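Welcome, and please open the model in your viewer with selections cleared. We will take this tour one selection at a time.

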Amino acid sequence: MTYVWAAIIVLAAGAVVYAAIASGKRWTLLRSESKARIDKLYRLEAHLKSNGVRTRTEEEDGHLRLLVLRKQLEQGRELLEAYEEETG
């Protein structure tokens, strides 16, 4: 009986690790800014979210990275170009 519980625990841990790895591949980088220009990135994130693009931010080495779902990358790029034309 102990072996059955051990096998269940190992399988559950494997499923958690697999889910974490699989979800990491869903996101891709759209833009990266230094912390000095963080407000610009947050405004861009709000613009993308208001247009239905799912976003997420990550901090890495003094930079803030704006990530979008891989399947929405093209839509995000188009909205990024339009946003930059509007704001200058």
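How many cavities of 30 Å³ or more does a search of the whole structure find? The search of this predicted model finds one.

Let's start there. The largest cavity has a volume of about 50 Å³. To see its lining, select Arg-31, Glu-33, Lys-40, Leu-41, Leu-44, Leu-80, Tyr-83 and Glu-84. Now colour by element: β1 (27-34), α2 and α3 each give two or more residues to this lining. Colouring by class instead shows four nonpolar and four charged residues around the cavity, with no polar ones.

Next, show two helices as cartoons: α2, residues 38-50, and α3, residues 73-87. Their axes come within 10 Å and cross at roughly 120 degrees. Angles from 65 to 115 degrees count as roughly perpendicular and those over 145 as roughly antiparallel, so α2 and α3 are oblique to each other. The crossing of this pair is right-handed.

Finally, bring up the side chains where the helices meet. On α2, select Lys-40, Arg-43, Leu-44, His-47 and Leu-48; on α3, their partners are Gly-76, Leu-79, Leu-80 and Tyr-83. By class, this contact has five nonpolar, two polar and two charged residues.

Before you leave, keep Lys-40, Leu-44, Leu-80 and Tyr-83 selected: these residues take part in the contact of α2 with α3 and also line the largest cavity.

Methods. Residues are numbered from 1 along each chain as its sequence is written. This is a predicted model: local features need pLDDT of at least 70, side-chain atom pairs count only at pLDDT 80 or more; totals for chains, interfaces and linings use all residues. Side-chain values use heavy atoms; hydrogens and water are left out. Axes are lines fitted to C-alpha atoms, for helices over the stretch in contact, and angles run from 0 to 180 degrees between N-to-C directions. Helices (H or I, at least four residues) and strands (E, at least two) are DSSP runs, numbered from the N terminus. Angles under 35 degrees count as roughly parallel, over 145 as roughly antiparallel, 65 to 115 as roughly perpendicular and the rest as oblique. A crossing is left-handed if the near helix is turned anticlockwise from the far one by less than a right angle, and right-handed if clockwise. Contact means heavy atoms within 4.5 Å. Ala, Val, Leu, Ile, Met, Phe, Trp, Tyr, Cys and Pro count as nonpolar, Asp, Glu, Lys and Arg as charged, and the others, Gly among them, as polar. On a 1 Å grid over the protein atoms alone, a cavity is a set of points where a 1.4 Å probe fits but cannot get out, and a pocket is an open set with protein on both sides within 12 Å along at least five of seven lines; lining residues have an atom within 4 Å of a point. Grid points are joined across faces, edges and corners, and a volume is the space filled by probe spheres set on the points.
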